[in-house]
Number of protein chains: 2
Amino acid sequence: VSLFHEIHEQPEVVGRLLARRAGAIASLKKEVSRRRPAFAVIAARGSSDHAAIYAQYLLGIRNHLPVALATPSAVTLYGSRPTLANGLVLGVSQSGQSEDIVAVVAEARRQQALTVAVTNVPTSPLAGAADLVLELDAGPERAVAATKTYTAQLIAMALVSLALDAATTAEDGALDRLPDLLAAALAADDPAARLAGMRSDMTRCVVLGRGYDYATAREWALKLQELAQVLAVPYSAADFEHGPLALVEPGFDVLAVAPSGPSLPALEALLSRLHGQLGARLLTISDLPRLAAIDAGLAAPSMTLPWLGPLINIVGGQLFAYHLTRAKGLDPDNPRTISKVTITR
Amino acid sequence: VSLFHEIHEQPEVVGRLLARRAGAIASLKKEVSRRRPAFAVIAARGSSDHAAIYAQYLLGIRNHLPVALATPSAVTLYGSRPTLANGLVLGVSQSGQSEDIVAVVAEARRQQALTVAVTNVPTSPLAGAADLVLELDAGPERAVAATKTYTAQLIAMALVSLALDAATTAEDGALDRLPDLLAAALAADDPAARLAGMRSDMTRCVVLGRGYDYATAREWALKLQELAQVLAVPYSAADFEHGPLALVEPGFDVLAVAPSGPSLPALEALLSRLHGQLGARLLTISDLPRLAAIDAGLAAPSMTLPWLGPLINIVGGQLFAYHLTRAKGLDPDNPRTISKVTITR
């Protein structure tokens, strides 16, 4: 019951992290205003890498920073030392154990870049390697598949973005509403179970998203791979049209994260074409009922700020992956082959 | 016969581009030494994005530059203006038509960043938007699936890396050997046809690579999706161990680009485990016969400089995708649904 419990723990975990945001933002802001980073580099693997992709959009769009996702093997395999001195370097890892992530952060700190560890374990090697630690405080995560630490990582990235703002922005209202919106998103539990029953034959799919919710598409696909043994391939909707579209035939499963916002018009047109002309079987997550009306979908609460949407929109994806796993007769708490902490070099 | 012809045209195309490299490097070097970029941003879609991933490793490892892959929707959908003034901004597009790529380059030039268009069409909007144009000169590409323009884009990225070198490096010997090595790689045509016959039931697979050849894994997967209707999912071998590994069951197809070099030991250990313990069906591309001996594989010529390997290693992947398409009774020159130029916003 770990996974189910941890999915439902998310309003509380996010609330706890938000409650101490003032201190976290202040510590970050102090270092940011002293060092004024010209770009950001983020090192992460697995679910944490999806939080990094979210931050790539967030720090790019809200804070106008060029954001590079680190290629840790450049340091660990090729022995190269990227020039990071003027950067903000974030290492993201639930366990804080991954040696290649630690290596990037340690090298950045050696060059006197501003380094921040985003981790659930404040005594971990990653925390020890960085100048500042943003502790997730999500409680022990027992399920192999990350859920509550992923949403906590998204909050941590939002706090980094707020700390990078020149002025103090007044997003407090929207942030304070997040735990309630997460609780509302969890109301998709029953509909997700019903949809999972209707899709229990699913073995392969693509998962589309764009903009901020490209990260959500990536994370949803990973949950389906880890738990439900579905070969789920995530795409930015724009990249999907450059080739992989050729995969779609009648009955092919297309999942999409399609909230209202600037990315919706092109995505909605693509989804209508995929279903109407090519016969794809759709499953959407959206705050707009008309998306589910194309074929089938899960309702997500509306989020007025698109940059906070990924926090809410992943919940339906987690619930669907959980219920699909059970509908296929598999155990969500014991995925095949993989273990909780993976150390790569 | 377009695709087959264009695959086999690659030694000539690459030779032609290399023959005029001195001038291209000199023009780039002049601007680079004047502006001294502190980071690079690369905007691309589809196959061009895989050339961008190659450049992410190349400019990171050889030139110590932080490299961000642009998220064009930040500009086109969210109306954000990333701070690019101290950057080197590359737009990569065969046709030079993609509006979102042009938008990123135009915004960068407005901010007086150093902008370079890498395109096959010197009269295209992308070429018009940039300070400098690196023309691929690959001749018209008629096949929907990019092959010769992909290898030409890799050469273009290598020229950018050489132009960023502080000293003039003497890689001329290795570069001059590339056309012959490409011709040698094309000798895998018959073995690729035989292997395709043995794998004609393949509908899904993962494609693994690491370091420089992560780009090769991405590009190989895209060819299999576009042409052979295989749901091929590319992974960095390190990311694969963080979850997707759970997908592997006996008979599951795992493809891997596994040349000798720093990334091989961990990848070879993973492949042995995937075949020996989990029963995966392997197909490798490597210069080392022992990789094919694990299960099955294609031989690639040896490349002493790992950073030039992706140019050679993709050829076997192209040939296998071509022959698998035919073995499945499909037409490599008329993939389903997609068209040659895709314009995204």
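## The largest pocket

The lining of the largest pocket is made up of twelve nonpolar, six polar and four charged residues. Please keep in mind that this is a predicted model. The space in the largest pocket comes to about 410 Å³. In total 22 residues line the largest pocket, and those nearest its centre are B:R36, B:P37, B:N63, B:L65 and B:L164.

Which elements of chain B give two or more residues to this lining? They are α3 (21-35) and α8 (148-164). Of the contributors to the lining of the largest pocket, α3(B) gives the most, with three residues.

## The second largest pocket

Let us turn to chain A. The volume of the second largest pocket is about 250 Å³. It is lined by 13 residues, and A:V32, A:R36, A:L164, A:D165 and A:A166 are the closest to its centre.

At least two residues of the lining of the second largest pocket come from each of α3 (21-35) and α8 (148-164) of chain A. The largest share belongs to α3(A), which supplies three residues. Sorted by class, the lining of the second largest pocket holds six nonpolar, three polar and four charged residues.

## Where the chains meet

The size of an interface is often given as the accessible area lost when the parts come together. Between chain B and chain A, about 5,500 Å² is buried, with carbon and sulfur atoms giving 59% of that area. On the chain B side, B:Y78, B:L231 and B:H242 supply 14% of the area that chain B buries against chain A, more than any other three residues.

## Polar and charged links

Six salt bridges are counted between chain B and chain A. One of them joins the side chains of B:R336 and A:E249, at 3.1 Å from N to O. The interface of chain B and chain A also has 24 residue pairs in polar contact, both residues being at pLDDT 80 or more.

How values were computed: Residues numbered from 1 in each chain as written. Chains lettered and ligands numbered in written order. Predicted model: local features only at pLDDT ≥ 70, side-chain atom pairs only at ≥ 80, totals over all residues. Heavy atoms only, no water. Buried area = accessible area lost by both parts, 1.4 Å probe. Salt bridge = Lys/Arg side-chain N within 4 Å of Asp/Glu carboxyl O. Polar contact = N/O pair within 3.5 Å; in protein donor to acceptor, adjacent residues only side chain to side chain. 1 Å grid on protein atoms, 1.4 Å probe; cavity = no way out; pocket = protein on both sides within 12 Å on 5 of 7 lines; lining within 4 Å. Points joined across faces, edges and corners; volume = space filled by probe spheres on them. Helix = DSSP H or I, 4+ residues; strand = E, 2+ residues; numbered from the N terminus. Nonpolar A, V, L, I, M, F, W, Y, C, P; charged D, E, K, R; others polar.
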